[in-house]
Amino acid sequence: MYPRLFAAIASTLLASGCAIHPVPEDVTGLRTEDIVKQIRCETRDAARTMIRDKLEDLGRRNDEMAAALAVKYKNDPELMVAFDAKKLFPGAENLQIRNYFEIIYATAIAYAFELQMTETNNLNPSTSKFLGPWSPSLNLDIGGSGDRQRTNVRTFTITDELKFLLTDLNTENRSGRYCDNRIVGPNYIYPMAGKIGVYNTLHTFLQLSLIEHLAPDRSKAFGKDPSPLADKLQFTTEVSLSATPTVTFAPVRSQFQITSTTATGKLSRKDMHQVILGLAVDSSAIPALTSMRDFIFSGPPAVQPGAARLRRRDTQPSELRSVIAPVTSRAAEIALRMVDQIRSREIQLIPPP
């Protein structure tokens, strides 16, 4: 009897996608690398939108070339890989325009992912009917359960520079373009499988840096580098499926036997995903950032074209308290440190008794 009963429950649970090693594709059909591709391409699109918005704003101020570029890039965004503000907006009168675009291209972003997936499969026998030589059937409640749970926590960190995302990420290769065939809209059921709102984070970061004078962190972690910002996004999706099948056996009156039995099988899946976005401007863009701030609030630029740039650090792996990742610029290192600060607060070291 029990082999038949368990077979019925097992078929129900297997049909709903049981997994010994839970991964995102069990629910969404998207692999981890697809999720990473989605957020990197979304970041690129956010930077593109900010550039196009600025060009449209300049067009409304009677800048015909900027208006034409805005239309050109709206019709074919891939043409933006050739955008060069220094060549397109020369002269002292366009200094602040160049500064604005330079700050965007000098911005780096770090993404710290933590994907936690938990699957639970429960089997709980309930009521069985027995039949013997007597006529009435006998109902008995049978206790017992078969509960199983599997959890997988996948953690990793990636860094990007907006300049790379804008110019090189989607370069044509043998397998096609990197950002082809990706999700372009939000997924309200499983947010990490769609757009998560990177534009809002990037736009807020730039506005705080330019307009609100986002204060640099003077701690040892950042020194005198430009102001960083971090967003911590958490998403939880929980789904469940239950079934109560009944198995019935043909009666044989000559002996004591079970005629029917029921059991409840339940499959539940809970995915808790977190991504921390850290943003920072490279040290090389400090003159442009300072110039724009002074221009916005007082008029004349504080730094003229050709001013000395701060020296950039050599590229090297950055090993912090909670993350280890390669960095390609000082801005990427600062963005990574912002992620590290947030994640370090989540780690509690419990001393031995």
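The structure holds one disulfide, that is, a pair of cysteine sulfur atoms within 2.5 Å. Before I go on: this is a predicted model, in which local features need pLDDT of at least 70 and side-chain atom pairs pLDDT 80 or more, while totals for chains, interfaces and linings use all residues. Residues are numbered from 1 along each chain as its sequence is written, and side-chain values use heavy atoms, without hydrogens and water.

The disulfide joins Cys-41 to Cys-179, with an S to S distance of 2.0 Å. Cys-41 lies in helix H3 and Cys-179 in the loop between helix H7 (162-167) and H8, 138 residues apart; helices here are DSSP runs of H or I, at least four residues, numbered from the N terminus. The S-S torsion of Cys-41 and Cys-179 is about -95°, so the disulfide is left-handed.

How do H3 and H8 cross? The axes, lines fitted to C-alpha atoms over the stretch in contact, with angles from 0 to 180 degrees between N-to-C directions, come within 8 Å and cross at roughly 50° for H3 (residues 32-60) and H8 (residues 198-210).

Finally, H3 packs with helix H6 (residues 95-105) at about 170°, the axes 11 Å apart. That makes H3 roughly antiparallel to H6.

Notes: Helix = DSSP H or I, 4+ residues; strand = E, 2+ residues; numbered from the N terminus. Parallel < 35°, antiparallel > 145°, perpendicular 65-115°, else oblique.
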